[in-house]
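Good morning, and thank you for coming. Please look at the structure on the screen while I take you through a few of its parts.

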Amino acid sequence: MENELNGSELGTKEYWESSYTREIGNYKSHGDVGEIWFDEDSQQRVIDWLVKQQEIDKQAARVLDLGCGNGMFLVGLANEGYAHLTGVDYSPKAVELAQNIARDNSLDISYRVADLTQPQDDLGGFDVVHDKGTYDAVSLCPENPKEKRSLYLATVEKLLRTSDSLFVITSCNWTEDELVLSFGEMFVKHHTIPTPTFKFGGKVGSVVTSVVFKKR
């Protein structure tokens, strides 16, 4: 039985709309793309891992970033030669910022507004689905977080094109064991992407967890 997280403004659309409205202003004024959620190292570790996967055809693989924010994860993949990139976020202001950044960098990345706790059948299927902090944000929703996590995972499962498609998730709120347990009905662990560890009180832990899953 997983414990519930305490609700937070980080789990509300209003918070993210306000945050990205501010970041759009900063970007237009100073060219600042804004915060990289969980820092650039967490993002780059996933990009580096994907680039090393020889079975992924960069020119053919469809990649979806869930809760894309400013879109910098997809910008990183575009710079590595990935050709079919899509980002979704339930914050229209996040999508606006991501579109501006992609356009200013002459990158062909598709963005759209989508609530991932609702079915997204019109998005189609993807070979790689990426989540960095979005499952965490859903978990922090002040209202019905457990139900919304289940709806979110059901959406993710349908977005994976085949049983070999990859669901790559980075979390700072859930351990690998907790993710494996929570995802067990729909997904099976494929790989753990190593993250920095720390030692406290004789126990080893990580600030963030990055795990790759496949559909059952």
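Predicted model: local features only at pLDDT ≥ 70, side-chain atom pairs only at ≥ 80, totals over all residues.

N144 counts as partly exposed, because its relative accessibility is 48%; here buried means under 20% relative accessible area, exposed over 50%, and partly exposed in between, with a 1.4 Å probe and protein chains only. This residue is found in the loop between helix 5 (134-139) and helix 6 (145-159). Helices (H or I, at least four residues) and strands (E, at least two) are DSSP runs, numbered from the N terminus. The phi of N144 is near 55°, a positive value in a residue other than glycine.

Residues are numbered from 1 along each chain as its sequence is written, and side-chain values use heavy atoms, with hydrogens and water left out.

S106 also has a positive phi, near 55°, in a residue other than glycine. S106 lies in the loop between helix 4 and strand 3, and its relative accessibility of 68% makes it count as exposed.

Let us turn to helix 3. How many of its 8 residues are buried? The number is 7, so helix 3 is largely enclosed by the rest of the structure. The buried residues are M72, F73, L74, V75, G76, L77 and A78. Their cover includes helix 2, strand 1 (62-66), strand 2 (84-89), helix 4, strand 3 (110-113) and strand 4 (128-132). After helix 3 comes G81, with a positive phi near 105°.

One of these covering elements, helix 2, deserves attention. Its axis and that of helix 3 are 10 Å apart, and the two helices pack at an angle of about 35°; axes are lines fitted to C-alpha atoms, for helices over the stretch in contact, and angles run from 0 to 180 degrees between N-to-C directions. On the helix 2 side, Q43, V46, I47 and L50 meet M72, F73, G76 and L77 of helix 3, where contact means heavy atoms within 4.5 Å. The residues of this contact of helix 2 with helix 3 comprise 6 nonpolar, 2 polar and no charged; Ala, Val, Leu, Ile, Met, Phe, Trp, Tyr, Cys and Pro count as nonpolar, Asp, Glu, Lys and Arg as charged, and the others, Gly among them, as polar.

Q43 belongs to helix 2 and counts as buried, because its relative accessibility is 9%. Neighbours within four places in sequence aside, Q43 is in contact with I36, M72, F73 and K132.

Next, the nonpolar core: a set of buried Ala, Val, Leu, Ile, Met, Phe, Trp, Tyr and Cys residues joined through side-chain atoms within 4.5 Å. The largest one has 34 residues, and those touching the most other members are L50, L74, L77, L85, I109, Y111 and V168. Helix 1 (13-30), helix 2 (39-52), helix 3 (72-79), helix 4 (92-104) and strand 5 (166-171) each supply at least two residues of this core. A second, separate core of 23 residues includes Y135, F183, F187 and F213.

Finally, the cysteines. A search of the whole structure finds 0 disulfides, a disulfide being a pair of cysteine sulfur atoms within 2.5 Å. C141 is buried, with a relative accessible area of 10%, whereas C172 counts as partly exposed at 37% relative accessibility.
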